[in-house]
Amino acid sequence: MGADRRRRRPGSAARTPVLLAAVAALLAGCAAIPDSGDVEPVKASPPGESQVRVYAVPPREKAEPDEIVNGFLEAMTSDDPDFAMARKYLTKKASEYWQPGAGTTVLRAAPDPAGPKELAGTASSLTYPLYGDRIADVDSVHAYQPTEPSDYAGEIRLVRQNAGGAKEWRIDSLPQGLVLGESDFQRNYRSVNKYYFASGENWLVADPVYIRQRIDPTTRMDPVTQAVKVLLDGPTNWLKPVVDSPFPPGTALQKGTRSLEFDDRNALKVPLNDKASKAGRTQCRKMAAQLLFTLRDLTSTPVGQVELLADGSSLCVLSGDQAEEFAPDRTTGRPDSPYFVDDHGRLSLLQAGVDETADRSHVIGPFGSGGVKLGSVAVARDEKRAAGVTEDAKSLYVSSILSDGELAPALVSSDGPARSRLSPPSWDGHGDLWIADRDPGKPRLLRFAEGTGTPLPVTVDGLGDGRIQGLRVSADGVRIALLVSEGGRTTLRIGRVERSGSAADPTVSVAQLQSVAPQMETVTAVSWAGPSRLVVVGKESGGVQQVRYIQTDGSTSAAGVLPGLNQVTAIAAANDDRQPLVADSDDAGIVRLPSGGNWQTMVEVGSSPVYPG
């Protein structure tokens, strides 16, 4: 089916959709598409090959039932307007029922029709079971949700109907939405971050969704217009409780808008309906910032500016530079450098240059002088303080890394046995410090407001019998990545950080945990690697350890797998993807992965590499 390989039944190969493979011409910069030569059926293409187009074809006269089923499944993978060709395989009633935009079921490979299961009463009705390995669902608001790989069982029913005086097979009953193999899904869809404001804050939070790579068959919108529409539709259900959108209720694109184009200055005008005119200037600037950050994923060059229009009148203009005040990463504004714990338990700064040499220097203060021997660390995002857990994982301290002074008393100590004490700590964008006590007798997730004071327990809904082994809080402060051990596995889950109560007495909890990498049997380490991406170390059942990128919604791509590295115990990434990954490998020491390169050893003996956060 499309870019997926699957078994063809007699007579179906001739009806395979035409694949337009004009890759060579496109890469050479040619504007024209070859218009001569033979057209040949192609059964498969490389997974994720976005230059390959699938064109659906209608059923031939007197097509056999197998041809109808296979032709329809193939037509679902095309960009045909409103899936018009796919609907030709359906009865009128089924076509009215079928809503392709209702959602998408993603299978590891294309759905396989096993042939007619039964003959219902007469030869005028046949049922075809559909089989596959289900790995994800995409809902009607474009949110991706991975699932534990499981058997998919769908069903297509065919009936004979009159068509031009002859009896023709057509599909009378089918699964709602689309059912696609993974490679067809990746060929047709792309991940885009839309952005909303953290509740009560002035910074943006990424909300990943999937839109069509090209023109959407249902709305006929191009990708830029699709991205604007999904932003205006509001946040995904999972993120909605912790973010705000300043767009006035009912704001939508001006009716009939299907295409939006950047001008030669890479500026974009976005026509909105009259609801948007209710926005004041400050509110409008925040609306424009949402659009600017959302559109960055769709352009190869920086977005110059966005101008919002309502009923043809300009509401406001915001440039790309002006939008930076709403950036989600909340950094100091200078490039981040990684830190690590040296072989004497001291916190050190690691200067990661472009060559293979590495300069390192101890930080100022007790953590750099060896006043306490550290095992794991976290550096505050303003790089003025650090949190350190002792080598035996028993006690947590916070100290300045810019000035000397006495080490303050421990913020908390664990009574757990060795190897079951405090996790490595993490700072969020609010300046709060987080840590997990892994004591089997008293497991708990703790938060220290502004990195000081008494430990504040944080409830985690949906944790069940699981125990938190590690954690990393996002820069925006509204999401937390947790390594959770349960039933002999350590899995990766994302939780939503909810804040309520007054500023003087806030209540913070973690809600609605969702699995991010269900295909991995064991996850060893995780780090945030941007606004909606994680770098994860783990392995699948029976597999070898991998280092790979995973979106916070759980989606992956073949390009996300990084060069192999053995015995990785910790991983660190900066919010700026131009900075190299840094890892701790039992085999190679502290290593880095520059863009387009291979892992390079920086320090032969060390541990706990981290970027600020």
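**Group meeting: helices and cores**

Okay, let's start with a pair of helices: α6 and α7 cross in a right-handed way. Keep in mind that this is a predicted model. Helix α6 covers residues 223–232, and its axis comes within 10 Å of the α7 axis, at a crossing angle of roughly 135°. An angle like that makes α6 oblique to α7. So who's touching whom? On the α6 side you've got V224, A227, V228 and L231, and on the α7 side Q290, L291, T294 and L295.

Now, the cores. The largest nonpolar core has 62 residues, and V270, L295, L308, L492 and L534 have the most contacts inside it. Helix α7, residues 281–295, puts in the largest share of that core, 8 residues.

What does L308 touch, leaving aside its neighbours within four places in sequence? The list includes C284, M287, A288 and L291, along with V270 and L272, and then S313, S314, L315 and C316.

There's also a second, separate core, this one of 36 residues, with V69, V106, I156 and F185 among them. As background, nonpolar side chains in soluble globular proteins tend to be buried together.

Zooming out to the protein overall: we have 8 helices and 38 strands. Of the 613 residues, 53% are buried. If you take contacts between residues at least 6 apart in sequence, 58% of them join residues at least 24 apart. And the accessible surface is about 26,800 Å², with 47% of that belonging to carbon and sulfur atoms.

That's what I have, thanks.

Technical notes:
Residues are numbered from 1 along each chain as its sequence is written. This is a predicted model: local features need pLDDT of at least 70, side-chain atom pairs count only at pLDDT 80 or more; totals for chains, interfaces and linings use all residues. Side-chain values use heavy atoms; hydrogens and water are left out. Helices (H or I, at least four residues) and strands (E, at least two) are DSSP runs, numbered from the N terminus. Buried means under 20% relative accessible area, exposed over 50%, partly exposed in between (1.4 Å probe, protein chains only). Contact means heavy atoms within 4.5 Å. Accessible areas come from the Shrake-Rupley method with a 1.4 Å probe; for residues, only the protein chains shown count as cover. A nonpolar core is a set of buried Ala, Val, Leu, Ile, Met, Phe, Trp, Tyr and Cys residues joined through side-chain atoms within 4.5 Å. Axes are lines fitted to C-alpha atoms, for helices over the stretch in contact, and angles run from 0 to 180 degrees between N-to-C directions. Angles under 35 degrees count as roughly parallel, over 145 as roughly antiparallel, 65 to 115 as roughly perpendicular and the rest as oblique. A crossing is left-handed if the near helix is turned anticlockwise from the far one by less than a right angle, and right-handed if clockwise.
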